[in-house]
Every structure is written in C-alpha cells, then in structure tokens.
Amino acid sequence: MYGTLCTVWTYSLPEMMWGALHARFVFCNTSVICWDTGNLKTNAGALLSGTSLGGMHSWLAAALDERIYAAAPMIGLQGFKWALDNNAWQSTGGRGFELSKESNYKNMLHDACGQRGRAESIPLVFDSAAADFGREKADTEVVREVWNRILPGLLDAWDAPFSLPACAPRPFLIASGAVDPRCPLPGVLEAYELAKSAYLEQVQAQGVPEEDAAAEVAKRLQLYVEEGVGHKPTQGMDRAIADFFDQHLRA
C-alpha cells in the first residue's frame, strides 16, 4: 500500500442505547489511509475502510463526506429494512419463513456460520427492549423500535439502498460473506443494484460516453462476495480492498 495506514479506534456504546442499566464498551476499527503524491493521484482525498461496525462507519461516512475519495467496507454494509421485512435479523433468518428463492439462504445462515444474527450480536440491548415491551424475547416490532431509537432514519434515509447511491460516483467496494447472518447478502445486493443507477447517472454527467458508461460504473462500484463465509474478515477481502484502492489511486 502506498503511504501511511492509520487505524482509528472508535468507541461505541450499543448497550447503553436502550437504557442505562447495561453498559459495555465495544471497540471497532476504521482505517484511514493517507498517501504521498508520487505516482498516485494528487488531492484525491482519504481512503476509508473498516471491519464490521468499522465497515458501517466507513460506508456512512463516505455517504456523508465527499472528502472521502474511496471507501471499502468489509462485512459492514447491510440492508436493515430488508432484514426486518424478511425476518432476517435473527441468526436463522427466520426458520420456516416463506420467501421463495431466498428461503433456503435464510434457513442455512446459522448452521453454515455458527454465528449470531444482527440483533443477537448485541443481546443486552434487545433483552432490555423486549422487557420494556412486555415480551419474553425480541421480535420484529422490538427490533424496529431499537433501530429507530439508536439511529432515527436507519430504516430509511440511512439504510444502504438510500445512502449507498450518495457515494456516487466515487470508488466504492463492498466486501461481504455469502452467508453472513448479520449482513444478509440479499439486502446487500438490493442496495448494490440500486446504487448502480446512481453511478450510471453520475458518470454520464461527468462526460463519460454512453457506450463506456457501464464499464466505468463496474470499475467504480464493485462487490466482492466470498462463498461460504459468514460474518468474518478474510485475506481474500483484504486483498480485494487493497487491489481496489491501488487501482483507483494510480495516476
């Protein structure tokens, strides 16, 4: 990698978002990469990547701040509303829930990965919220209220299908596991397909000829999916992100 890699440790307090009875610090890392000019593009901006919650930070920061030249969240981008609408916020993704072609995918998440789903990754929040609702455990209504309280807009304006297009036309790579129970792939694909339209419009507005626009979009907006992988960073994802940044930094 050309330049300096600076890992920024950020603090998150997800266990305090619902009530003050439970408190736990969760650390995540977001990497900001700076570089010398040399044979690289000058004044391009910052590169941003991160893993899991750090990936979520890099995705949302890129949507908000155009000074971020390129971003590549790893196992961090997801469709929160898609997960709610399809009962895929649990480790099993809602075993027995009918969803045509996605049903087999949803039913194999827990068995394939041995990992907890998104809501189950911060259990104290959802246990506390369920108790406030008089429920023995969290259900879709409880999960919806938790997301609305933690970050109003997480199910609409900040959700991936709406915020990812805001990154256009800057370089953006999504690195995901094919059977990630916390970032279900169908929700990621939904956001990715919607973002393509925004990227196409933006690159054409920059003067890219119509016959070259699709290829330019494929260069700037990429999706790397590793088969058989759940919510886990891999060397393949690291390499895909490094190659992507390298490609877009060279003059």
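Where is the place of Pro-169? Pro-169 sits in the loop between α6 (160–163) and β5. The peptide bond that leads from Ala-168 to Pro-169 is cis, with omega near 5°. Most residues other than glycine have a negative phi, and most peptide bonds are trans.

The model is predicted; local features need pLDDT of at least 70, side-chain atom pairs count only at pLDDT 80 or more, and totals for chains, interfaces and linings use all residues. Residues are numbered from 1 along each chain as its sequence is written, and side-chain values use heavy atoms, with hydrogens and water left out.

The protein chain has nine helices and six strands. These are DSSP runs numbered from the N terminus: helices are H or I with at least four residues, strands E with at least two. Of its 251 residues, 49% count as buried. Buried means under 20% relative accessible area, exposed over 50%, and partly exposed in between (1.4 Å probe, protein chains only). Contact means heavy atoms within 4.5 Å. Among contacts between residues at least 6 apart in sequence, 64% join residues at least 24 apart.

Two residues other than glycine have a positive phi. Ser-52, with a phi of about 60°, lies in the loop between β3 (46–51) and α1. Ile-75, with a phi of about 40°, belongs to the loop between β4 and α2. Ile-75 counts as buried because its relative accessibility is 2%.

Helix lengths were compared with an expected span, 1.5 Å times one less than the number of residues. The twelve residues of α1 (residues 53–64) should span 16 Å, and the end C-alpha atoms are 17 Å apart, which agrees. Buried residues of α1 include Trp-59 and Leu-60. Among the buried residues of α7 are Val-188, Ala-191, Tyr-192 and Ala-195. After α7 comes Gly-207, with a positive phi near 95°.

A nonpolar core is a set of buried Ala, Val, Leu, Ile, Met, Phe, Trp, Tyr and Cys residues joined through side-chain atoms within 4.5 Å. The largest has 43 residues, and Leu-77, Phe-126, Trp-147 and Phe-172 have the most contacts inside it. Elements that each supply at least two of its residues include α1, β4 (68–74), α5 (140–150) and α8 (210–220). The largest share, eight residues, comes from α7. Beyond its neighbours within four places in sequence, Leu-77 is in contact with residues including Trp-59, Phe-172, Val-188 and Ala-191. A second, separate core of 14 residues includes Ala-72, Met-74, Ile-241 and Phe-244.

Leu-84 is found in helix α2. Leu-84 is buried because its relative accessible area is 4%. The C-alpha atoms of Leu-84 and Thr-140 are separated by 6.4 Å, although these residues are 56 residues apart along the chain.

A cavity is a set of points on a 1 Å grid over the protein atoms alone where a 1.4 Å probe fits but cannot get out; lining residues have an atom within 4 Å of a point. One cavity of 30 Å³ or more was counted. The largest share of its lining, three residues, comes from α2.

Methods: On a 1 Å grid over the protein atoms alone, a cavity is a set of points where a 1.4 Å probe fits but cannot get out, and a pocket is an open set with protein on both sides within 12 Å along at least five of seven lines; lining residues have an atom within 4 Å of a point. Grid points are joined across faces, edges and corners, and a volume is the space filled by probe spheres set on the points.
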